[in-house]
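Please read them next to the coordinates.

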Amino acid sequence: MHIFISYSKKDIEFARHVRALLKAENFPVWMDEEGISGGDQWEKTIETNLSGAAAFLIIMSPSSRESDWVRRELLLAEKLKKPIFPVLLAGDVWWNLADIQYEQMQSGMQATFTPKFVGRMRGVMPAAGAQQTITLKIVAGNITEIDADVIALKYAQYFLGADLAVATLLTPPNTSYSEAIQPPPGKHALVETFGATGASHTLFMGVNRLADITYADIQSMSAEICHILKTELPVEHLAMTIHGTGFGLDETAALIAQINGYLSAFHANDLPSTLRRITIVELIPETVKRLRVAFETQFGGVFERVPGDEWAYAYTLGASAAAPVAPISQEQPYAFVIMATDPELDDFFYYGLQNAVHSIGDLCTRMELSLHDAEIMGQIRQKIDGAHLVITDLTGLPSAALLYLGYAWGKQRPTILIKQTDTVTELTEHEALTYERIRDLEQGLRAKIGELKASGQLS
């Protein structure tokens with residue numbers, strides 16, 4: 001692996017100066033010294049060396065802007081998704097590289113690299129022979145307070161949950177959220193927090209609206225976060241939450257997708273060589289317990305337990321060779337649960353409802369009910385449209401939320417009603433499974449699901 005230098009032959013003396021600076025920092029370098037004159041064979045040489053590069057350094061000047069070869073090399077580097085490091089020798093910053101941090105070296109042969117630039121380069125060029133180990137933790141806490149280098153969050157075209165909390169801290173009182181932290185799908189925004197959070201930077205990842213986010217999107221997002229940090233902000237400590245839970249995705253499946261994304265980046269060595277820690281932060285301690293159990297079940301043979309730590313697992317690049325767990329298919333059937341947003345019902349959902357639903361091979365999803373937000377209401381209806389089964393818990397359910405149950409009936413979704421024994425409901429003409437304990441709920445649901453299957457109402 002090496003750093004590929006792209007430059008105009010008119011700037012060759014400065015290119016040699018850049019090469020010398022890189023070698024002084026112990027970076028391996030490749031650059032064309034012979035001139036582009038070998039036809040197809042030389043083009044193959046360029047392609048081979050660029051394909052094998054860890055990073056692409058381009059010297060911006062009026063001469064290189066006019067160079068066909070520099071333009072071709074840049075296009076190939078972008079196609080190969082190489083980390084790009086622009087160096088400005090003369091003229092203006094190129095419009096197509098304006099969104100990438102560049103090194104100002106207009107003083108030419110007297111110019112040197114800044115420590116920050118060298119640090120970014122080290123983020124993509126691990127030391128020869130060194131093994132990189134990343135420690136992963138799942139902890140209880142507030143993501144806004146975690147002591148990390150960067151917090152990475154989704155932005156589903158409006159703020160909600162953890163991203164809302166962070167965005168609020170980054171925004172002065174009585175002002176609108178800056179467009180700079182609201183990237184469209186497929187884009188990202190990396191911003192300094194200036195002490196507003198425990199992390200020095202926040203990375204907002206633009207994704208589709210919540211109802212359209214898939215498990216593949218979550219996997220892709222966590223891998224892309226590693227890639228972005230490799231090229232833009234080499235860090236030692238990355239903090240995230242689990243994305244998608246509470247907003248229509250199965251908690252365990254979302255965890256699997258997110259960890260698989262990390263593993264994809266690990267296997268491709270597409271992460272900062274400086275990265276040593278990934279911390280998943282969740283507010284509710286009980287959520288942390290469930291996620292830890294799910295992680296150990298799914299990834300206990302991939303990561304190694306860190307001795308002496310309360311709960312931590314490590315992955316060593318090049319040594320931990322296990323493949324990612326099989327990805328979750330968005331086509332996998334799921335049950336959608338309509339229930340009140342009440343922390344006291346969480347254990348019934350995760351240990352009663354979810355266990356029963358998982359036993360038939362379905363995923364189990366729910367969303368925080370909204371009776372006023374048209375966007376979220378539409379997303380809930382969309383989830384009901386695709387559900388294999390709809391389960392409605394009448395316990396503490398606002399009367400207005402029965403609209404969602406009516407919608408499920410109108411769409412002829414197989415439906416099961418449940419309620420705690422002391423719940424009074426207006427739906428007296430409809431049979432509801434009653435429960436007091438989690439075990440009662442799980443066993444009763446398994447039996448109800450069996451009845452639907454036996455009657456042909458549930459495939």
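1. Basis. This is a predicted model: local features need pLDDT of at least 70, side-chain atom pairs count only at pLDDT 80 or more, and totals for chains, interfaces and linings use all residues. Numbering starts from 1 along each chain as its sequence is written, and side-chain values use heavy atoms, without hydrogens or water.

2. Main core. The largest nonpolar core has 73 residues (buried Ala, Val, Leu, Ile, Met, Phe, Trp, Tyr and Cys joined through side-chain atoms within 4.5 Å; buried is under 20% relative accessible area, 1.4 Å probe, protein chains only). Ile259, Phe266, Phe295 and Phe303 touch the most other members. Helix H8 (251-267) gives the most to this core, ten residues (helices are DSSP runs of H or I, at least four residues; strands are runs of E, at least two).

3. Sheet. Five strands form an open sheet, ordered E2-E1-E3-E4-E5, with parallel pairing (at least two DSSP bridges per pair). E2 (29-30) and E5 (103-104) are the edge strands. Five bridges join E3 (53-60) to E4 (84-88); Leu57 has Phe85 as its bridge partner in E4.

4. Helix pair. The axes of H7 (215-232) and H8 come within 7 Å and cross at roughly 35° (lines fitted to C-alpha atoms over the stretch in contact; angles run from 0 to 180 degrees between N-to-C directions). By class, their contact has nine nonpolar, six polar and no charged residues.

Methods:
Buried means under 20% relative accessible area, exposed over 50%, partly exposed in between (1.4 Å probe, protein chains only). Ala, Val, Leu, Ile, Met, Phe, Trp, Tyr, Cys and Pro count as nonpolar, Asp, Glu, Lys and Arg as charged, and the others, Gly among them, as polar.
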